[in-house]
Amino acid sequence: MGGHEAIDELLAEAGVDGLRLRGALALLSGGRWWTLADLVRETATPRRTIESLLRVLPLEHSGDRVRIPIDQVNRYNVGIDADISGLGNPVAGMVAAHTETLERLERLIAGAPRGRHALDHVSATAETVLRRALLLGRRFWLPGARLLCVGDHDLTSLAVRMVHPEIEVAVADVDDRILEYIDAQDLGVRTRWADLRLGLPPSLRGWADLAITDPPYTPEGIGLFAARAAEGLRDRDRGRILVAYGASERTPMLALKVQKALFDLNLLHEAIFPHFNRYHGAEAIGSAADLYVLRPTTKTWPAIAARLDRLATAIYTQGPQAVESAPAAPPDEAAVTAFGPDLLAGDWPRGLLPQVPRTRLATLLAKPYAADPERVAIAVPAGLEAALPRLLLATRARHVRVLTTGPVVDAVADTVADLPALADLLAPVYRLAAEGHVLDAVRLSPPDGGPDRVARRIMDSAHGKVANAWREALTEPGPDGTAGLTKRQARAAVEEAAPWALDATPLELPLHRLARMRAQIDALTTA
């Protein structure tokens with residue numbers, strides 16, 4: 001069967017959900033050439049559904065673009081508006097008044113670091129992030145408010161600051177490249193490193209009035225990111241969480257599981273704007289996602305505590321930390337046994353060194369270990385390599401042995417350029433040596449003076465605020481007996497040199513900030 005009969009049957013099978021297919025027919029009948037990706041994004045229809053339509057249509061081709069021949073358009077041009085993303089959209093029609101901002105966002109998104117496959121990165125369109133900013137201003141009173149972006153590969157933070165400079169904006173993200181790119185735009189966005197599986201940065205807990213996130217589209221990912229967003233709210237009664245989530249019309253049970261993850265957090269669904277978000281990619285879900293507006297209830301907070309207590313690291317759809325990925329290979333037990341650790345951090349086989357105390361990676365990053373061990377062995381699973389420099393700073397052990405699932409050089413390259421770059425970053429604290437899957441970090445003796453003494457003081461206080469350790473180091477006498485700065489002088493000097501460090505710990509600073517801090521310390525110390 002072909003021709004009109006096949007098309008009629010396809011539309012009949014779609015039933016009440018056939019509006020988008022008819023919309024695709026209208027677009028193909030309009031005389032314009034369309035790529036498959038553009039049709040998917042424009043109609044917010046899964047790629048497989050559009051492909052099924054294209055297979056039964058009479059089409060002419062121009063490279064990878066198609067359209068219905070001009071002499072047949074009258075048979076298929078149904079003359080309808082199939083875009084349902086405008087249903088109840090409070091910012092419909094507002095985008096046209098922000099042409100310059102939209103053009104700037106297009107340039108920023110085009111120039112941003114490439115998305116990482118293992119982190120489920122798919123870039124939203126410039127119009128999408130602009131509409132997110134406009135929606136915030138249309139729905140909420142923003143002067144004096146704070147917005148937390150829980151992950152921000154889409155650069156929503158920049159759009160919000162461009163449209164609403166009156167609101168404070170902070171970003172927590174696992175990708176140091178994105179944090180550096182956002183900082184480089186100089187729009188006043190506060191940037192913090194965080195692997196949300198290991199915790200929200202201390203300086204952002206209870207900080208925000210609003211939070212927005214476009215998380216991995218798995219029940220585990222949605223539940224984790226929404227829980228961390230809630231942790232970031234200071235207004236527990238009137239705060240809101242905006243979540244982007246999309247699913248194929250072919251997989252309603254997956255969407256139900258995701259919504260159940262949100263219901264399990266006892267979050268009230270105030271609104272769902274259909275197809276509000278559009279993407280360059282994600283064609284399996286129609287290159288589109290809905291936008292949820294969620295409000296915490298009094299039962300949200302105990303539910304979040306329970307959710308985070310049973311935290312799983314597999315939250316993505318792809319890569320080594322995918323929900324359906326195979327279990328990781330166990331660490332090299334011989335390398336650990338020969339090391340003789342006083343503490344095991346991370347996931348280790350139960351039978352390995354049963355008398356040695358253990359701690360989770362999240363606990364190691366959250367607070368100093370009380371016993372001050374001599375030797376610590378850390379297991380870093382695939383997918384958590386970005387935490388490696390922070391884990392080294394989090395323990396004050398004299399010798400740290402890190403075991404990675406792949407070669408150390410690959411694990412380091414996922415975080416900084418190479419092993420020498422990591423060694424330079426940690427130079428005031430550790431001497432590094434790597435072989436195969438093993439990285440050894442031996443703590444150096446504290447420097448007698450100069451900038452390295454200040455940097456060492458800050459890094460040795462990795463769980464404390466950078467500004468506090470920096471000020472204290474500047475007030476101490478030099479090794480030659482020269483007087484240090486007064487407390488007032490030290491406070492003013494640090495506030496001028498590093499306003500971004502006032503409430504941050506070294507563990508939450510983006511790596512580019514930590515690296516540049518050395519130069520700023522040098523300038524202050526020699527002034």
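# Briefing on the predicted model

Helix 6 passes helix 8 in a right-handed crossing. The largest nonpolar core has 135 residues, and a second, separate core has 19.

**Helix 6 and helix 8**

- The axes of helix 6 (residues 99–111) and helix 8 (residues 156–163) come within 11 Å and cross at roughly 155 degrees.
- Because angles over 145 degrees count as roughly antiparallel, helix 6 is described as roughly antiparallel to helix 8.
- On the helix 6 side, the contact is made by Thr101, Arg104, Leu105 and Leu108.
- Helix 8 contributes Leu158, Ala159, Met162 and Val163 to this contact.

- An open sheet is formed by three strands in the order 1-3-2, with antiparallel pairing.
- Strand 1 (34–35) and strand 2 (60–62) are the edge strands, each pairing on one side only.
- Two bridges link strand 1 to strand 3 (residues 65–67) in the antiparallel sense.
- Arginine 65 in strand 3 stands opposite threonine 35.

**Strand 13 and its partners**

- Five of the six residues of strand 13 (residues 375–380) are buried, leaving the strand mostly covered.
- Strand 13 pairs in the parallel sense with strand 11 (residues 343–345) over three bridges.
- Within strand 13, isoleucine 378 stands opposite alanine 345.
- Strand 13 also runs parallel to strand 14 (residues 399–404), to which it is joined by six bridges.
- Leucine 403 in strand 14 is the bridge partner of alanine 379.

**Nonpolar cores**

- In the largest core, the residues with the most contacts inside it are Leu147, Ile378, Leu392, Leu422 and Trp470.
- The second, separate core includes Leu39, Leu54, Leu57 and Ile68.
- Leaving aside neighbours within four places in sequence, tryptophan 470 is in contact with Val454, Ile458, Val494, Ala498, Met517, Gln520, Ile521 and Leu524.

**Alanine 282**

- Alanine 282 lies in the loop between strand 9 (267–278) and strand 10 (288–296).
- With a relative accessible area of 26%, alanine 282 is partly exposed, because this value falls between the 20% limit for buried and the 50% limit for exposed residues.
- Apart from its neighbours within four places in sequence, alanine 282 is in contact with Val122 and Ser287.
- A distance of 10.0 Å separates the C-alpha atoms of alanine 282 and serine 248, which are 34 residues apart along the chain.

Methods. Residues numbered from 1 in each chain as written. Predicted model: local features only at pLDDT ≥ 70, side-chain atom pairs only at ≥ 80, totals over all residues. Heavy atoms only, no water. Helix = DSSP H or I, 4+ residues; strand = E, 2+ residues; numbered from the N terminus. Buried < 20%, exposed > 50% of the residue type's maximum accessible area, 1.4 Å probe, protein only. Contact = heavy atoms within 4.5 Å. Pairing = 2+ DSSP bridges. Core = buried A, V, L, I, M, F, W, Y, C linked by side-chain atoms within 4.5 Å. Axes fitted to C-alpha atoms, helices over the stretch in contact; angles between N-to-C directions. Parallel < 35°, antiparallel > 145°, perpendicular 65-115°, else oblique. Left-handed = near helix turned anticlockwise from the far one by under 90°.
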